[in-house]
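Hi,

Here is the structure I promised to pass on. Have a look at it first, and my notes follow below.

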Amino acid sequence: MNYAAILGACFVGFATLAFGGGPVPKGPVVPKNEAADPQAKDGQEQEAREGATFPNFKLSEFPFVVIVPDDGKGEAGGWQAARANLEFTRVSLPITMITWFCPLTVEIPIRHSTRGIITPLAAATMSAAVANSVVATMDFKLPQGIFCDTFKTRMLAAFPVMYPGLGARVTK
Amino acid sequence: MTKVMQSELLELIYQHYPRGMLALSRVHVPIGELYYDDTEEHVRLIVAAARGRREYAKWSTMLDGLYARFSVQNESLHLWSGGNDPAYSARIYRPKDSENVQPEQVRASLSFHVSLLGPYYGIHDAGEPDEITQAVAKEIESTYPGYCTIPPDIGNTVVPDVDDAGAPMGEATIYTCLFSRVWTWVVPPPLPIAK
């Protein structure tokens, strides 16, 4: 019996629950079926099966505060911003877990002609929806800095597609 | 109107965007290595954005004149949260923009921008030609005398070696570097597919 494999599998399950960014995320561990290197020579480590936890970002991770009050003019007015520090985890077997954080700021108007007043809760809901949508497109093997830069730019690109008139911004 | 040369625009862009450098967050840059925000180029962009905030009243007054005539959405408030936009931006909704579309999915068909990096302005019109484009151009040119437009064959030129803070390296254009990523909102590029 391969106790190391069993122990590793149990740890992966624990890591998914403990570091998944909240409740058990949907589709928690997506193993990338990387077969062992057939050319691996004796003494070299074979490439292990790896996985990434797809975080399920919560609304509380986007605490919006007012930056500019609404002046009532135009199709949209006012400005609110949330500073987020989003956590990502990549698990490699047998037992390696890499966690990193992507700091970013999301900014959204306070009022919009088609949405009315956008409360901090509504802004957080949209931000989480965009973040959770983008994370599914990400390559978790990217170097962390490039991962975060890519994630930020994809969130910025996703907002005008998911919420066309909103005018949201995403910056580092 | 002064003829705009691509070379002068590229020179202006490279003064404000460091070449070949990703705009990574500071936490991902080892101590001792050059950080994007500390480059001379980015500091020039910060200075330009600060000037945009100091002179914001001129832009705001111009918008006040347009609010009465068109459905205008100011996209420049990002400057007030410390954003380093290279331009003032705004969008205009036409009545046709909301035809056969859910209210939350309405997209403005026109955006206009006044660059903070040089004497250029841009109007990105994805709708049917009407009087709005000329009216906006007239307002901009009277508020910012001497500013000129950039023809599409130059403006859509890719600047492959700068990070315009809105797209992966290699996707910035002269338009997005001078007018910000808001330029692309009238016709957003396709999104990456989920893995």
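The lining of the second largest pocket has 11 nonpolar, 4 polar and 3 charged residues (nonpolar: Ala, Val, Leu, Ile, Met, Phe, Trp, Tyr, Cys and Pro; charged: Asp, Glu, Lys and Arg; polar: the others, Gly among them). A:T153, A:A157, B:P168, B:E171 and B:P189 lie nearest the centre of that pocket. A pocket here is an open set of points on a 1 Å grid over the protein atoms alone, where a 1.4 Å probe fits, with protein on both sides within 12 Å along at least five of seven lines; lining residues have an atom within 4 Å of a point.

Before going on: this is a predicted model, in which local features need pLDDT of at least 70 and side-chain atom pairs pLDDT 80 or more, while totals for chains, interfaces and linings use all residues. Residues are numbered from 1 along each chain as written, chains are lettered from A in the order written, and side-chain values use heavy atoms, without hydrogens or water.

The largest pocket is lined by 31 residues, and its lining splits into 11 nonpolar, 10 polar and 10 charged.

Now the interface. In chain A, 41 residues are in contact (heavy atoms within 4.5 Å) with 41 residues of chain B. There are 3 salt bridges across it, a salt bridge being a side-chain nitrogen of Lys or Arg within 4 Å of a carboxyl oxygen of Asp or Glu. A:K73 pairs with B:D64 in a salt bridge, with 3.2 Å between the closest N and O atoms.

Happy to chat about any of this!
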